[in-house]
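Thanks for taking a look at this one with me. My notes follow below, as numbered points to read alongside the model.

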Protein chains: 2
Amino acid sequence: MQEDTSKRTDVNELGEFGLIEHLTKDFKSKNASTAYGIGDDAAVIDNGGDKLSLVTTDMLVEGIHFDLMYTPIKHLGYKSVVVNLSDIYAMNGIPKQITVSIAISNRFSVEAMEELYAGIKLACERYDVDLIGGDMTSSPKGLIISVTAIGEGERDRVVYRNTAKVGDLFCITGNLGAAYLGLQILERERKIFLEHPDIQPDLGKETYLIERLLKPEARKDLIEVMRKSDLVPTSMIDISDGLASEIFHICTQSGVGAFIEESGVPIKQETEVQAIDFKIDPITCALSGGEDYELLFTVNPKDLDKVKYMPDIYIAGEVVDESEGIILNTKGGNRHPIKAQGWNHFKP
Amino acid sequence: MQEDTSKRTDVNELGEFGLIEHLTKDFKSKNASTAYGIGDDAAVIDNGGDKLSLVTTDMLVEGIHFDLMYTPIKHLGYKSVVVNLSDIYAMNGIPKQITVSIAISNRFSVEAMEELYAGIKLACERYDVDLIGGDMTSSPKGLIISVTAIGEGERDRVVYRNTAKVGDLFCITGNLGAAYLGLQILERERKIFLEHPDIQPDLGKETYLIERLLKPEARKDLIEVMRKSDLVPTSMIDISDGLASEIFHICTQSGVGAFIEESGVPIKQETEVQAIDFKIDPITCALSGGEDYELLFTVNPKDLDKVKYMPDIYIAGEVVDESEGIILNTKGGNRHPIKAQGWNHFKP
């Protein structure tokens, strides 16, 4: 490989976000239509009309993001679309189109691809998006899926990460930490299976946690609820890398701090029970787990009454001055600084 | 892997285009803004303004599309952008934004990624496009690059593949077959190197052919020339899979035939000499070689005078009735049916 071997920096030293920042910092946008580039859930293109275009893309790699030993390939197709739609909703936009590029090794049959596309089609139908293009090629090893989602947002209603204001309220949708525990359960079963192929798993009581991992949904429903109530968050991000990482993105980019109540972070009872079973603190699953595809957003306190009565939305804390840091107020009344622990794909 | 083993069809049986057609045929577009989906160089999104949005995507996989043993990684970054821009130009559009997603194994250093992004940046600068997003993840093996390009086209000037009319003239830009021979040269040198690591290659006289493979350019220049001359082709496609495959796309989708003069297919002298050296008929390199990133388009005969004097554009034949087939009239005066021999990544 033609590469200067005189200096070699491992990508682990920078991590995913650090590497992106390092590699793209010198790129300057020149086109008037490029309204917002790298650094939010989606890029924003302004073609001059009432609507702004939103663009986001994600790549899922076998052996890194999914294990086909326990991931039904139809679910994988569904999820590969949904994770991208979640980024469009996180801009307060509506996804409209997707492209899907696939690389497959010769171990995959036409029938396996039919299953994958059945999942993609189901997601397109549920979320009203159109498949408009893509690429299909072979790979030396494994399955790689790259999806780009394109959506639209009203000019004065697109919501960014960098616009939270001191005094705003932090809100979280749904519940957190379940997908992470679903992953732990499936990893446990995989190990048992590899050691004792004759033991059949009984996953009945853990169905919810596993489904949260294998077949997540994007919060289209709540974006619609907010629209009907004429509520526009002051900032928003989707929770894909764990709550801690997302709070950091909003705080760093908005130049603010956060005061989060542990009791305000929504965690389902099944998640709590399972976390304790695995000897993990449930709040750790929420803060560092990832793959929830819920939304974290901030609202102006004048909108408290609107948000208070919305279904499946929980007030988790307050935006504070940057100097106060990013703090978790535990149920026991202790104040801990939250650490950014975004999912680092480069650290196995 | 969870896959029904009762029936297993190998993807080779369908090939790239057959597989895409098979997997996506039941997808129905629902959004009014989806003006044109799968089946052209780029998809078309209509948000109601003067301009239409164009979207295209390509995935490049190490070991399938490129070999880092002889591909400088900066060139690879450049090429991964250019091949997508070529698809936007083939719609008679102007590319404006790109997203770039990368998966890398731990064999790649930060310095190698800096080189890759230096190539991406150079392409962005030369073609006036903005990098607006992407994804960065690890892979179990090799480098995968997925680029999506977004462009714009004037509503009445976007050009499709399916609108060639009987009597139109086929035109080809630049010259064909060079990249294919560049690949053969590098493959030959690779084999020599593996067997005799001490022999240094002397590639001086083959520079042009190799550069055509490693650092292709998209025909932005000629799209601008056509615009200035107010020439709108009646159909257009970029020549990425070999001329034969592209003629078939235009003919099949337009419901027409083609009569192509071998003497009208532009082939550079270096290409001819090298082809003969490899004991390959030069026209075969043009028809089946691929990776030229030139344009094949048709014009109304009333525009003959405009196109005749344009630089680097060659009239290669005529659109005929579908019943007459797709024919090559050789320099020796023989008429051969052209076979579609698009690059099939699934057949090594």
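1. Let me start with the sheet of chain A, an open one of six strands in the order β1-β2-β3-β6-β4-β5, with mixed pairing. β1 (34-36) and β5 (130-138) of chain A are the edge strands; each has a single partner, so one side of each lacks a neighbour in the sheet. From one strand to the next the twist averages 25°. Strands here are DSSP runs of E of at least two residues, helices are runs of H or I of at least four, and both are numbered from the N terminus; two strands pair if DSSP finds at least two bridges between them.

2. A word on the source: this is a predicted model, in which local features need pLDDT of at least 70 and side-chain atom pairs count only at pLDDT 80 or more, while totals for chains, interfaces and linings use all residues. Residues are numbered from 1 along each chain as its sequence is written, and chains are lettered from A and ligands numbered from 1 in the order in which they are written.

3. Within the sheet, β2 (residues 43-45) and β3 (residues 51-61) of chain A pair in the antiparallel sense over three bridges. A:Ile45 stands opposite A:Ser53 in β3(A). Helix α2(A) packs on the sheet, where it touches β3, β4 (94-104) and β6 (144-154) of chain A, and its direction makes about 30° with that of β6(A). Axes are lines fitted to C-alpha atoms, for helices over the stretch in contact, and angles between N-to-C directions run from 0 to 180 degrees.

4. Chain A is assigned domain 1 (31-154) and domain 2 (169-337); such bounds come from an automatic or database domain assignment. The centres of the two domains, taken over C-alpha atoms, are 22 Å apart. In chain A, 17 residues of domain 1 are in contact with 19 residues of domain 2 (contact: C-beta atoms, placed from the backbone, within 7 Å). Helix α2 (residues 73-89) of chain A gives the largest share of the domain 1 side, nine residues.

5. Which residues of helix α8 (residues 269-277) of chain A are buried? They are A:Thr271, A:Gln274 and A:Ala275. These cover an arc of only 105° around the axis, and therefore lie on the same side of α8(A); the arc is that of the directions from the helix axis to the C-beta atoms. The face turned away carries the exposed residues A:Gln269, A:Ile276 and A:Asp277. Buried means 20 or more other C-beta atoms within 10 Å of a residue's own, exposed 12 or fewer, and partly exposed in between, with C-beta atoms placed from the backbone. The cover over the buried residues of α8(A) includes α4 (178-195), α5 (207-214) and α9 (282-288) of chain A.

6. Two backbone spots in chain B deserve a glance. B:Asp128, in the loop between α3 and β5 of chain B, has a positive phi near 55°. B:Asp128 counts as partly exposed because it has 13 C-beta neighbours inside 10 Å. B:Glu291 has a positive phi of about 70° and sits in the loop between α9 (282-288) and β10 (294-299) of chain B. With 22 C-beta neighbours inside 10 Å, B:Glu291 counts as buried.

7. Finally, the contact between the chains takes 80 residues from chain B and 80 residues from chain A. On the chain B side, β5(B) gives the most, with nine residues.

Definitions and conventions:
Two residues are in contact if their C-beta atoms, placed from the backbone, lie within 7 Å.
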